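Dear colleague,

Please find below the structure that I am handing over to you. My findings follow directly after it.

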Amino acid sequence: LKDNDPDFYEVFVCDADYAEVFVNDEASSEFDYIPNGAHDLGWLGNFIGNNTHLRELYLDPLNNNLEQFCRGLNRNRSIQQISFGGEIEMFQMLRPFFKSNHNLKEIEVIFCDLGAEGCR
């Protein structure tokens with residue numbers, strides 16, 4: 001991601017707490033990246049925001065401070081498919097991404113109660 005490698009077109013990100021509870025050690029290799037705290041998550045958002053080759057992004061529940069991550073992700077215009085679960089706050093923080101990314105073709109929301117506010 002950091003080097004904008006054209007061969008790196010998808011990434012699967014999972015919160016460490018989620019991976020510890022739902023994923024055994026053998027399956028944890030399925031995750032491309034498990035951030036170690038809010039600092040790592042912020043840098044990941046920055047790299048995603050600057051990347052022009054990323055097409056697919058899968059985000060399982062991320063429970064750290066999401067503001068920096070979402071601020072970076074909101075700058076990305078190459079993602080065509082995004083899948084995420086978790087809290088409504090993340091969905092709301094990604095409004096600029098959804099409005100500005102005209103390449104976005106597919107959105108999958110899992111394990112997230114959007115409610116009336118989240119659908120606005």
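A disulfide is counted here when two cysteine sulfur atoms form a pair within 2.5 Å. By this rule, the count comes to zero disulfides. (Buried means under 20% relative accessible area, exposed over 50%, and partly exposed in between, with a 1.4 Å probe and protein chains only.)

Please bear in mind that this is a predicted model, in which local features need pLDDT of at least 70 and side-chain atom pairs count only at pLDDT 80 or more, while totals for chains, interfaces and linings use all residues. Residues are numbered from 1 along each chain as its sequence is written, and side-chain values use heavy atoms, with hydrogens and water left out.

I turn now to N51. This residue is buried, with a relative accessible area of 2%. Its side chain reaches the backbone oxygen of L1 at 3.2 Å, and a polar atom of that side chain lies 2.7 Å from the backbone nitrogen of H53. Leaving aside neighbours within four places in sequence, N51 is in contact (heavy atoms within 4.5 Å) with L1, N4, N76 and S78.

N4, one of these partners, is partly exposed at 24% relative accessibility. Most residues other than glycine have a negative phi. N4, however, has a positive phi of about 60° although it is not a glycine.

Yours sincerely,
A colleague

Conventions: Polar contact = N/O pair within 3.5 Å; in protein donor to acceptor, adjacent residues only side chain to side chain.
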